[in-house]
Amino acid sequence: MPFINVGQENSTEIELYYEDHGQGDPMVLIHGYPFSGLAWEKQVSYFLEKGFRVITYDRRGFGQSSKTATGYDYDTFAKDLDAIMTELDLGDVTLVGHSMGTGEVTRYISQYGSERVKCGVLISPIPPFLLNGVDKEVFRGFKAAIVKDRYEFITEFLNNFYNLGKLNFSVSDEKLRADFILASSSSPIAFYKCVDTWTTDFRDDLTHIDIPMLVIHGDKDKILPFDYTAKLLPDLIDADLRVIKGGSHGIPWTHADEISRMILEFISQEAGSISDFGEDAAQIQ
């Protein structure tokens, strides 16, 4: 199975599980909390059909990657991403993150530069700094709820993730069950410790971003409120902001086609030509 070694914890190697499919321009997709690379199944299929090379990986502590007790901070996450980029010798990458994954995109470019990256996409972003609008007690409450009953917390988290019963779209019981199982399979330590990363201040990191960025956010996001996140980014970076009306935090699933077309259009525009991206790209211009 495809794993990349990123370190050692006592007697155990720390390995990241990844999948690498297709040919063409590379795209790296970084998942949100508390899932894995499986969260991108709709985007993987779409961009493989459009002729891209698509890479996903599981953040440490999640999916099939090593479930370590340490390393749950964005410096380490960015270092893990750099290991993926280096091991696979990637260049001219479109770097796409959702939710927590947008922190990896931001910190990676800040610390490792954009030599390997031609453009970035932040979906339901966590930057610039949640504590500018959300009280820190909210996160303490999350951690207390996780300690009390992690599985009950997952159910409530998914309700808010998709704004269940409050928007004009539905999420099947089967999808919710799959998400619950995937979230439950994560390391309890990772599940708890990652909450602290949500209060990371990315404002200095953003000053180092020197490539075009696409920002996509749902205006009904209950996990990362639009007014404290995506809405602020165009004043801080070179960003094309797209707002999905009625979109929850779970837009990569509920609005998968719309998001994929936005990303394809963005990449096409940045390339200066749509000729290499197929008939569908021409139709969306």
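Q: What is the volume of the second largest pocket, and which residues are closest to its centre?
A: In this predicted model, the second largest pocket has a volume of about 170 Å³. It is lined by 13 residues, and Y17, E19, G37, L38 and T56 are the closest to its centre.

Q: How do you know how the lining of the second largest pocket divides by class?
A: Each residue type has a set class; Gly, for example, counts as polar. By that rule the second largest pocket has five nonpolar, five polar and three charged residues in its lining.

Q: What makes up the lining of the largest pocket?
A: This pocket holds about 360 Å³ of space. Its lining has 24 residues, with F142, F153, F157, W198 and I223 nearest the centre. The elements giving two or more residues are α4 and α5 (150-161). The largest share, six residues, comes from α5. By class, the lining divides into 16 nonpolar, three polar and five charged residues.

Q: Why are α4 and α7 called roughly antiparallel?
A: Start with the general point: two packed helices are described by the angle and the distance between their axes. For α4 (residues 136-148) and α7 (residues 188-197), the axes come within 10 Å and cross at roughly 180°. The cut-off for roughly antiparallel is over 145 degrees. The two helices are therefore roughly antiparallel to each other.

Q: Which residues make the contact between α4 and α7?
A: From α4 come F139, F142, K143, I146 and V147. From α7 come F191, Y192, V195 and D196. By class, the contact has seven nonpolar, no polar and two charged residues.

Q: What makes β1 and β8 edge strands?
A: The sheet is open, has eight strands and runs in the order β1-β2-β4-β3-β5-β6-β7-β8. Strands β1 (3-9) and β8 (239-244) each pair on one side only, and that makes them the edges. The twist averages 20° from one strand to the next.

Q: How do you know that β6 and β7 pair?
A: Pairing needs at least two bridges. Strand β6 (residues 117-123) and strand β7 (residues 213-218) have four, in the parallel sense. I123 stands opposite I216 in β7. Across the whole sheet, the pairing is mixed.

Q: Which strands does helix α2 touch?
A: Helix α2 (residues 74-87) packs on the sheet and touches β1, β2 (12-21), β3 (26-30), β4 (53-57), β5 (93-98) and β6. Its direction makes about 140° with that of β1.

Terms used
Residues numbered from 1 in each chain as written. Predicted model: local features only at pLDDT ≥ 70, side-chain atom pairs only at ≥ 80, totals over all residues. Heavy atoms only, no water. Axes fitted to C-alpha atoms, helices over the stretch in contact; angles between N-to-C directions. Contact = heavy atoms within 4.5 Å. Parallel < 35°, antiparallel > 145°, perpendicular 65-115°, else oblique. 1 Å grid on protein atoms, 1.4 Å probe; cavity = no way out; pocket = protein on both sides within 12 Å on 5 of 7 lines; lining within 4 Å. Points joined across faces, edges and corners; volume = space filled by probe spheres on them.
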